[in-house]
Amino acid sequence: GAVVAYSASVFVLVRVALLRAPTRRKTRTAAYVLLQLWLYIFVSILVVVRAPSPLIGGLISLHTVVFSLKMHSYYATNLLMFEEAEALRSNKLQRQPPPIDASSLKSRAAIATDPPSRELSLKEALSDPVVLPDSFAGSLRRRELSAKKSKVANTVATAGALSPACAPDADSQDEDVFPFSLAWRKFAFFMFLAPTLVYEARYPRTERVRVSYITGYVAQMCIISVIQFVLFSQFVLPPIANSSGSFLFDAMRLAMPSLFVWLLGFYSFFHCALNAWAELTRFADREFYRDFWNATSLDAFWRTWNIPVHEWCFRHIFVESQANYSVSKSNAALATFVLSAVLHEYIFAISFRTMRPAMFAGMLAQVPFIMILRKLSRTGSRGGNLAVWINLFFGHPLIELLYLSKFLEEHGRFFSCSQRAS
């Protein structure tokens with residue numbers, strides 16, 4: 001009920017702010033910020049009161065972040081489309097009629113009897129096929145790629161990426177532009193069904209659902225879950241619950257099983273779960289990750305291992321901060337890591353119900369690590385790829401020791417097979 005109420009509030013906010021009161025920018029911004037704060041505060045209080053296990057708390061906090069990112073993408077993208085529509089409307093109103101020959105009495109009579117011009121509404125301006133170009137339905141990905149080669153201030157990220165190899169949605173071209181993009185069914189599909197964090201007025205869709213395709217991935221997920229459970233309960237929890245007293249020794253014992261559990265979890269979620277869900281919803285854009293295992297730098301790893309989050313960060317932090325606030329490229333990249341660190345810390349803090357800014361510090365530490373590797377000329381080489389895997393090899397056990405050990409000390413249980421140190 002709370003999720004439905006929150007989603008309805010987001011939808012009402014965007015429609016009222018952009019259609020009913022488009023000039024009240026401060027009120028619109030304040031309402032948006034309050035909705036975001038209400039989401040995080042409500043979930044935090046819920047977890048504290050209910051006190052779920054770290055697994056359930058992690059799922060709750062992860063879904064909270066997903067809803068928050070989707071809300072911002074829906075709000076920011078429609079706001080951009082609204083501003084573009086207003087600019088088109090202003091250009092149409094500024095058009096001057098062709099000059100009339102003053103020597104012609106007929107022309108003078110026409111001027112005298114011509115009714116006074118009236119201001120065109122936004123809907124009328126949008127309805128003109130000459131004024132409304134096809135840029136609203138242009139490919140976002142092409143614009144994002146061009147943003148890397150040109151000035152970001154001249155880059156406008158618009159909705160409606162289409163793949164020519166996929167069957168398009170049944171929506172008509174007119175429904176892809178503002179204000180028709182504010183339809184409830186588009187909002188509901190994006191918030192509850194689409195396996196993406198970036199809002200677009202139209203997504204590439206497949207023609208049918210393959211049941212065998214979904215069944216195969218679901219079967220793989222079940223098998224992987226059993227393997228993860230065995231690895232976690234037999235090789236991760238015992239070293240943490242029964243610490244040897246040496247932090248380095250415990251980290252070495254946890255490094256290999258932790259890496260295996262993470263890799264299995266990555267394959268289960270990004271390859272199996274997202275592909276199965278995309279097939280079920282006929283979502284044709286299946287690029288959820290790239291070959292991060294071949295990354296020869298840490299920044300390349302962060303760009304390739306989680307494509308949905310990377311696309312959101314690129315559009316709504318990296319591009320928007322440069323276009324709207326005129327910040328430098330390096331500062332925009334730093335802001336991306338700062339926000340990512342805050343969200344990671346929120347997920348771990350809610351999951352383990354403890355405030356230890358280790359995840360926040362670890363994410364920010366990636367920035368100097370990237371700079372050091374560049375100075376050492378290890379980026380783009382085999383040594384850079386080795387540095388990426390060393391970061392994964394030692395990063396996961398450190399996080400587990402800092403968060404999971406504290407949780408077991410205070411609560412004594414993770415799930416049924418957890419044990420307290422004797």
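The buried residues of helix α13 are covered by elements that include α10 (298–304), α12 (329–352) and α14 (382–411). The structure is a predicted model, in which local features need pLDDT of at least 70 and side-chain atom pairs count only at pLDDT 80 or more, while totals for chains, interfaces and linings use all residues. Residues are numbered from 1 along each chain as its sequence is written, and side-chain values use heavy atoms, with hydrogens and water left out. Helices (H or I, at least four residues) and strands (E, at least two) are DSSP runs numbered from the N terminus. Buried denotes under 20% relative accessible area, exposed over 50%, and partly exposed the range in between (1.4 Å probe, protein chains only). A contact denotes heavy atoms within 4.5 Å.

In α13 (residues 358–375), the buried residues are Ala358, Met359, Met363, Gln366, Val367, Ile370 and Leu373. The expected span of a helix is 1.5 Å times one less than its number of residues. For the 18 residues of α13 this gives 26 Å, which agrees with the 26 Å between its end C-alpha atoms.

The protein contains 14 helices and zero strands. Of its 422 residues, 46% are buried. Among contacts between residues at least 6 apart in sequence, 74% join residues at least 24 apart. The protein exposes about 22800 Å², of which carbon and sulfur atoms supply 65%; accessible areas come from the Shrake-Rupley method with a 1.4 Å probe, and for residues only the protein chains shown count as cover.

Confidence is given as pLDDT, the predictor's confidence in each residue, from 0 to 100. The mean pLDDT of the protein is 75, and 72% of its residues reach 70 or more. Helix α8 (residues 211–241) has the highest confidence, at a mean of 92, and helix α4 (residues 105–113) the lowest, at 42. Over residues 100–173 the pLDDT stays under 50, and the model has 112 contacts beyond four places in sequence for this stretch. The pLDDT is also below 50 over residues 416–422, a stretch with 19 contacts in the model beyond near neighbours in sequence.

In α8, the 31 residues should span 45 Å, and the end C-alpha atoms are 43 Å apart, which agrees. A kink of about 35 degrees is centred on Phe232; the bend at a residue is the angle between axes fitted to the seven residues ending there and the seven starting there. The residues buried in α8 include Ile214, Tyr217, Phe232 and Val236. The buried residues of α8 pack against α9 and α14. Thr215, also in α8, is partly exposed, with a relative accessible area of 46%. Thr215 and Ala276 are 61 residues apart in sequence, and their C-alpha atoms are 8.1 Å apart in space.

Helix α9 (residues 247–280) contains Ser258, which is buried with a relative accessible area of 2%. Leaving out residues up to four places away in sequence, Ser258 touches Val236, His396, Pro397 and Glu400.

A nonpolar core is a set of buried Ala, Val, Leu, Ile, Met, Phe, Trp, Tyr and Cys residues joined through side-chain atoms within 4.5 Å. The largest nonpolar core has 56 residues, of which Val65, Tyr74, Trp262, Phe301, Trp305 and Trp312 touch the most other members. Helix α3 (residues 54–93) supplies the largest share of this core, eight residues. Another core, of 19 residues, lies apart from it and includes Phe352, Met363, Tyr403 and Phe414. In soluble globular proteins, nonpolar side chains tend to be buried together. Apart from its neighbours within four places in sequence, Trp262 is in contact with Phe292, Phe301, Trp305, Leu392 and His396.

Val14, in helix α1 (residues 2–20), counts as buried at 1% relative accessibility. Between Val14 and Ala31, which are 17 residues apart in sequence, the C-alpha to C-alpha distance is 9.9 Å.
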